[in-house]
Amino acid sequence: MVKHFRVAVGLHARLEEEGVQVSAVLRRAGLPQNLFDQTRILVSTEEMFALWQAIRQVSNDPAIGLKLGTETKTERFHPMGIAALSTENFGAAVQHMARYKKLSAPEEILYRTEGGEWTIQFSWTLAVEAEPQTLIEHCFAWVLTIARHGSGTRISPLRVEFVQPRSHLKLLERHFGCSVIDGQPRNAMVFRESDAALPFVTRNIELLDMLAPQFEQDLEQYTSDEDSFLELVRNTIQQKLTGHRPTIEGVSSDLHISSRTLQRRLQELGSSFQQILDEARHQMARYYLRNSALELNEAAYLLGYEDANSFTRAFRGWEGVPPGLWREAQRALTIN
């Protein structure tokens with residue numbers, strides 16, 4: 001399982017461009033002053049959150065996440081971003097980024113289509129506290145950068161939803177070009193379902209063919225490790241936990257292997273599809289209860305349970321207490 005984030009070396013230059021003193025950021029975040037001198041910068045989830053909290057505090061700029069997540073120079077895009085721009089449309093770009101995101105960080109890009117809307121969310125799988133507001137805004141701005149740069153249009157979401165209150169809603173609305181609502185059960189960008197088919201003028205099959213083998217090699221190496229393979233299956237199941245129970249056929253298709261092969265590999269590792277499904281639901285349940293204002297029946301729906309009672313029974317089996325009491329205990333810990 002990937003447990004560290006790779007911090008882009010270019011973040012140092014971007015911070016300086018925005019007039020943010022990097023040494024002050026690192027000092028506020030409790031990180032070493034030579035962090036950006038390292039060839040391969042790795043930080044834990046806790047350190048990543050501390051870094052983005054410090055960026056907001058030192059910059060004293062509520063829009064800093066938006067600025068750092070917006071890029072117009074293709075030469076400064078990360079290879080994963082360049083590969084995403086080389087795909088055929090916005091939907092394919094998001095699928096590509098979601099598929100390979102797990103190679104570099106304990107972070108997921110979750111997307112689902114329902115009721116004519118296409119929702120994109122980010123999840124930090126090892127987080128024990130709510131993600132920094134600036135980091136969420138940075139991630140959403142980055143996705144919008146890919147969409148606008150790739151399509152050559154000023155595409156905007158239908159709306160952007162945030163859990164925590166924002167004092168700069170008007171600024172956010174100008175940037176995203178849509179209504180921004182806080183106090184919601186989730187952090188999400190909501191597009192029209194049809195936006196996923198928006199063609200990319202940056203499509204470059206030859207470049208994608210050059211980049212894809214390295215990504216696939218990394219993915220193959222990732223899946224060859226026992227723990228990593230189980231985590232990959234779990235992450236794939238979580239991607240499909242969007243109001244229905246994922247099937248082994250659907251998950252194996254996403255992993256580009258047969259359901260029989262998936263079943264055999266899980267058995268060889270002393271596990272099963274049902275066990276991994278339960279673990280995925282447990283992990284996502286903890287995340288929903290800790291980091292959102294979802295009602296129990298809403299969480300049950302997102303986790304693929306028939307009703308809140310089924311979810312409550314499952315959660316009691318995992319944690320020994322009902323989900324409502326667990327949430328209250330977690331909030332009390334945060335306050336204290």
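These exercises use a predicted model.

**Exercise 1. Charges**

Solution. Take the mean position of each group.

**Exercise 2. Overall form**

Task: Which radius of gyration does the protein have, and why does it agree with that of a compact globule?

Solution. Count the residues: there are 336. For that number, a compact globule would have a radius of gyration near 20 Å. The protein has 20 Å, so the value agrees. Now look at the box filled by the C-alpha atoms. Along the principal axes it is roughly 55 × 50 × 40 Å.

**Exercise 3. Elements, burial and contacts**

Task: How many helices and strands does the protein have, and what percentage of its residues count as buried?

Solution. The elements come to 16 helices and seven strands. Next, burial: a residue counts as buried under 20% relative accessible area. By that cut-off, 51% of the 336 residues are buried. Then the surface: the protein exposes about 16000 Å². Carbon and sulfur atoms supply 48% of that area. Residues 24 or more positions apart account for 67% of them.

**Exercise 4. Helix α2**

Task: Which residues of helix α2 are buried, and what covers them?

Solution. Find α2 at residues 22-29. Its buried residues are V22, A24, V25, L26 and A29. Their cover includes α1 (10-17) and α3 (45-59). Now step past the helix. G30 follows α2, and its phi is positive, near 75°.

Definitions and conventions: Residues numbered from 1 in each chain as written. Predicted model: local features only at pLDDT ≥ 70, side-chain atom pairs only at ≥ 80, totals over all residues. Heavy atoms only, no water. Helix = DSSP H or I, 4+ residues; strand = E, 2+ residues; numbered from the N terminus. Rg over C-alpha atoms; globule rule 2.2 N^0.38 Å. Buried < 20%, exposed > 50% of the residue type's maximum accessible area, 1.4 Å probe, protein only. Contact = heavy atoms within 4.5 Å. Areas by Shrake-Rupley, 256 points an atom, 1.4 Å probe, with all protein chains shown as cover.
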